[in-house]
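These are my notes from looking through one structure. I went through confidence, then strands, then a loop, then the cores.

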Amino acid sequence: MTQSKFENLSAFIDGESNESSVIEQLKADKESQDKWSRYHLVRDCLREEVAPILQFDIADNIAKALEQEPAIVAPKTQKTSIPLLGNVIPMLRQGGQFAIAASVAVAMILGYQQINQPQVDPTLNTAPTLGVGGINGGLSPVSLEQTRPLQQSDFVEQKRKINALLEDHQQQLLLKSTQAEKEAEEKEQEKQDNNK
Amino acid sequence: MLKRLLFLSLLALLTAANTVNAYQAAVIEGVNYPANSPEAWLLKLHKGLNTLNYTVSFVVVQPNAATKPYLWRHGIVEGGTMEHLSLLNGPGTEIFRVNDKLSYFEPNSVPFSLKSKYINGPIPIQFFKDPIALNEGYDFVLVGRSRVSGKPAQQIRIVSRDGSRYNTTVWLDQETGLLLKMDTLDRSGQLIEQLQVTSLQVDEKPDPYFEKIDPSRLPEVSGIAQQNEIDFLWQINWIPAGMEIIKKDVHRLVATSEVVEYMMLSDGLVDVSVYISKANSAAKDGGWLIHESNTLLSLNNGKVEVSVIGKIPAQTANAIASSIGPSS
């Protein structure tokens, strides 16, 4: 019985048998499974197709490795981080439509400063007639040409502020026409009310 | 010989027709502006902008900034007017106007609509609304004629009366009155910004492009949150002649989430934003820069930090910023 079992298996591996019972047998029988891999190994050896390093039981090795692996690698997400996320997302949403403009503005300002550093623009450096209480008593361009040595963080902060302002100005211009509309309507309404 | 005579007479006829067209007197609100006065020309511009079907290509040039090409269409369609302004470089921004609904399509953002009769783009809104109203702060000077964009054009200077703003020169199409070129210059004649039309096409019928726009598919008009009455802590004590405060609110800057008191000044030609926030340091400080054609001036008087942004000379920005005082 056993012998015929293995004969069937051998025939199946060689493609000489189509018996589906062999598959069922393979699934159920540990001994057949071992034979299955051994037959394959023997065949590979005969055909000189053996890999340089023989890994007889990859599946088992992986199973063992998994067992040895610590159950939880990453720490649990702390709940405290959620409010932070909540704060960030609406801001990003609001900023979405102007985000591009802002990044462009950064680039433009950077570009502007770099371009303008070597060649000093006379219109930029002439202090206007009305002086400001600055270091030199006059106006100086907001750029790296500041007489006061700027801290790096200072500069970044300033750039961020400038961008925020320019961005908001663009947004306000966009909304301006709506504002004018509303006022015109209100005036119209007032006129009508007065006529009554 | 006969041919030449015919040609000459034809030329004369054409010139005469042009002249008649150009020298139309204009009467508005009881005021009669003499023919060939700058006012009559500006009214012609106003009428042309609002009543003609046109397709215009133009570029906006600013020193130290990339040139921006635009395509601009205006059409008189069934049930009103339609307008389309498209920025042709980069990812593109499309603005559509169907009567008083303005829809913006920008990359990386959800399309939205506003209620407005005008696109606040490179062409000043006041040219559409009432160009004569600019005389509050500006003088109009008729200069001469020249050839612009391949067309005979009338040059008009719009000069800031008190010198507190840049001067603008416009070239208007002799035939239609439409804008062909607009230069913004500072007092020393340096170019701040230039708008140059590269092609102007005026048609009997609106551009077939407008047929493709389905107004029902444009985004809904989004409401703008109304603010309650706010007590403003600061006020501007000096406003250039012809300018007025057209907007006042308190809002948060998107990028830095800083709360600012905001005011917008406008004379119809330029819009100026004034931001007032609490000073971070007590040290008096100030600085300014020019970004594209906008002047940005920041002033810290020890108590507040005032920032002024707009297409105005730095001196004017400084004067506005320095005039900020506690609200009375």
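**Confidence.** I began with a term: pLDDT is the predictor's confidence in each residue, on a scale from 0 to 100. It applies here, since what I have open is a predicted model. Over residues 13–23 of chain B, pLDDT stays under 50. For that stretch I noted eight contacts beyond four places in sequence. Chain B has a mean pLDDT of 86, and 89% of its residues reach 70 or more. For the model I wrote down ipTM 0.81 and pTM 0.64.

I looked up strand 7 of chain B, which covers residues 101–105. Four of its five residues are buried, so the rest of the structure largely encloses strand 7. Strand 6 (residues 93–98) runs antiparallel to strand 7 of chain B, and five bridges join the two. I picked out one pairing: E94(B) has F105(B) in strand 7 as its bridge partner. The hairpin of strands 6 and 7 of chain B has two residues between the strands, and N99(B) in this hairpin takes a positive phi near 50 degrees.

On to strand 8 of chain B, which is joined to strand 7 by four bridges, again in an antiparallel arrangement. Here L102(B) stands opposite L114(B) of strand 8. The hairpin of strands 7 and 8 of chain B has six residues between them. In its turn, N108(B) has a positive phi of about 60 degrees.

I followed chain B from strand 8 (112–115) towards helix 3 (125–129) and stopped at I119(B), in the loop between them. Is I119(B) buried or exposed? Its relative accessibility is 6%, so I119(B) counts as buried; the cut-off for buried is under 20%. Which residues does I119(B) touch, leaving out those up to four places away in sequence? I listed E83(B), L85(B), I95(B), R97(B), L102(B) and I125(B). For one of these, I95(B), I also noted the separation from I119(B): 24 residues in sequence and 7.8 Å in space, C-alpha to C-alpha.

**Strands 18 and 19.** Strand 18 of chain B spans residues 285–291, and five of its seven residues are buried, so strand 18 is largely enclosed by the rest of the structure. Seven bridges join it to strand 19 (residues 294–300) of chain B, and the two run antiparallel. W288(B) has L297(B) of strand 19 as its bridge partner. Two residues lie between the strands of this hairpin, where E292(B) takes a positive phi near 50 degrees.

**Helix 4.** Next I checked helix 4 of chain B, residues 314–322, and found seven of its nine residues buried. Among the buried ones are T316(B), N318(B) and I320(B).

**Cores.** The largest nonpolar core holds 66 residues, of which F58(B), W72(B), F127(B), V274(B) and V308(B) touch the most other members. Helix 2 (residues 38–51) of chain B gives the largest share, five residues. Why does this core lie between domain 1 (23–217) and domain 2 (234–326) of chain B? It lies there because both domains give residues to it. Another core, of 14 residues, lies apart from it and includes V260(B), Y275(B), L289(B) and I309(B).

I ended on V274(B), whose contacts beyond four places in sequence include I236(B), Y262(B), M263(B), V308(B) and I320(B).

Methods. Residues numbered from 1 in each chain as written. Chains lettered and ligands numbered in written order. Predicted model: local features only at pLDDT ≥ 70, side-chain atom pairs only at ≥ 80, totals over all residues. Heavy atoms only, no water. Buried < 20%, exposed > 50% of the residue type's maximum accessible area, 1.4 Å probe, protein only. Pairing = 2+ DSSP bridges. Contact = heavy atoms within 4.5 Å. Core = buried A, V, L, I, M, F, W, Y, C linked by side-chain atoms within 4.5 Å. Domains from an automatic or database assignment.
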